[in-house]
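The sequence and structure are shown first.

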Amino acid sequence: MQYHIIIAMTIWFTAYVDSRKIRGISLAYRRFYKEKTSFLCIDGSKLIPFDQVNDDYCDCPDGSDEPGTAACSNGRFYCTNLGFRPHYIPSSRVNDGICDCCDASDEYNSQTHCPSTCRKLGQRQRAEVENQIRSVNEGLHLKQQLIKDGINMWHEKQNQLNDLRRVSENLHRKLEEEKKAKLEAEAHKDDVMGYQKLDGYGSKRQKFEDDAPQNIFQQLDSNKDGWVAAVEVQAQVELFQDDRHQLTETEAVDLLGGSNQVDFASFQETLFSRMKSNDKIKIKDRPSKLDNDPLVQAAIRAAEKANADLKKVEDAYETVKMEIRDLEEMLSTDYGSNKEFIYLQNQCFEMTVYEYTYMFCPFNQVTQKGSTGTETIVLGKWHSWAGSIGNKYSKMKFDKGQPCWQGPARSATVTLMCGTETVLKSVKEPSKCQYFMEFQTPAACQPLQPKRNVHNEL
């Protein structure tokens, strides 16, 4: 290594000695400035005497005859910057009293004293590069673990989906069985109740023979004063027409034969007689004999149980179908070429900028909330990856956010950066309703590519 450095230093020193009178040129262009009788402008447009090179007068249209002076407006001065990064500056900055080259070569003929800072800058640059390399390497190590975990999670969710699909099939079969069982239970209940009615239960005549008028009178006489009043009839008697009908005071008086109250004898001749001849006049909450029949009650309970069992299976089936939909949607999302971004699923990251708090939820949405209000504004919903060709997973696009006042719908673009931490780094709104964020994650780390054939002076 030291041998190569010595060789490079020898070449640079030789070139410097050979071109000591020509300032502001690089090694790549040294061959054009070998001292001779004439100088050909580098663009080939003009041939001038060599003593006119760097004479502080611009002769060549491309400014190539004045690399070390400020004579040509389009000229360039080359900062060698030994120990740091070489670069060009406009010739107008030569000897302008401002130090542009870290080796002070641009102020060779000014009153400004420029200390050489190239070594410190080089050390700082190398430290930054080393930190960057170390950070990338650590990020890549974390990324490998994320890839491993992501693939395992993917397979786990896929297996869970397969299991749920099997459960769904079983529940579907069970659902059909429960539907059939419910129909059978309802049919059995109807058969039992119909049979018992044929036996006399619930028939109009038998009902009122069994329900003695004394019993009905006593039930309607709620205050036990020996009279049934219209207000008592209103409270306890219903009239069924197209639907249940609450009696009016006039209707109650009419049922009592036009009286506001009747005794037992009048009751038999009026309301009770009307009830026996009109099955649409009923007493509220009066049980029939079917309510006490054990066969009927057993059939009703069986029908209710069948209905409850069906409802449980229906609820379970709908729940499983919803879980299947959620898993299918999750597994259809692109989480990176190696599933490295899947760990961000169902996570959100906050950052407060001035009076706003921003919430970034990968693969879901981006929101904004002001410190003075409770309203949350959707800046965009997950749309797609938006990186360049070859680096697809470097940006995330969120669109169809809430519309701005007299403006377009809000949208957000999130740039992913390599880092050892997972954190939202910055939020900006460079143009109305368009937000740009920077998000750091190990999943975004890529191996550093060596730079080849890069020449600062070209």
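## Charges over rings

The charged end of Lys339 is placed over the ring of Trp154, at 4.6 Å from its centre. A charge sits over a ring if NZ of Lys or CZ of Arg is within 6 Å of the ring centre and within 35 degrees of the ring normal. Arg23 lies over the face of Tyr108, 4.1 Å from the ring centre.

## Basis of the values

The model is predicted: local features need pLDDT of at least 70, side-chain atom pairs count only at pLDDT 80 or more, and totals for chains, interfaces and linings use all residues. Residues are numbered from 1 along each chain as its sequence is written, and side-chain values use heavy atoms, with hydrogens and water left out.

## Aromatic pairs

The structure holds 20 aromatic pairs (rings of Phe, Tyr and Trp, the last by its six-membered ring, with centres within 6.5 Å; planes under 30 degrees apart are stacked, over 60 edge-to-face, the rest tilted). Phe360 and Phe439 form an edge-to-face pair, 4.9 Å centre to centre with 70° between the planes. Phe360 belongs to strand 11 (residues 356-361) and Phe439 to strand 17 (residues 434-441), so the pair ties together parts 79 residues apart in sequence. Strands are DSSP runs (E, at least two residues), numbered from the N terminus.

Phe360 is buried at 0% relative accessible area, and Phe439 is buried at 0% relative accessibility (buried is under 20%, exposed over 50%, partly exposed in between, with a 1.4 Å probe and protein chains only).

## Aromatic cluster

One aromatic cluster is formed by Tyr335, Phe341, Phe349, Phe360, Phe363, Trp382, Trp385, Tyr393, Phe398 and Phe439. Within this list, Trp382 is partly exposed at 21%, whereas Phe398 is buried at 0%.

Note on methods: Helix = DSSP H or I, 4+ residues; strand = E, 2+ residues; numbered from the N terminus.
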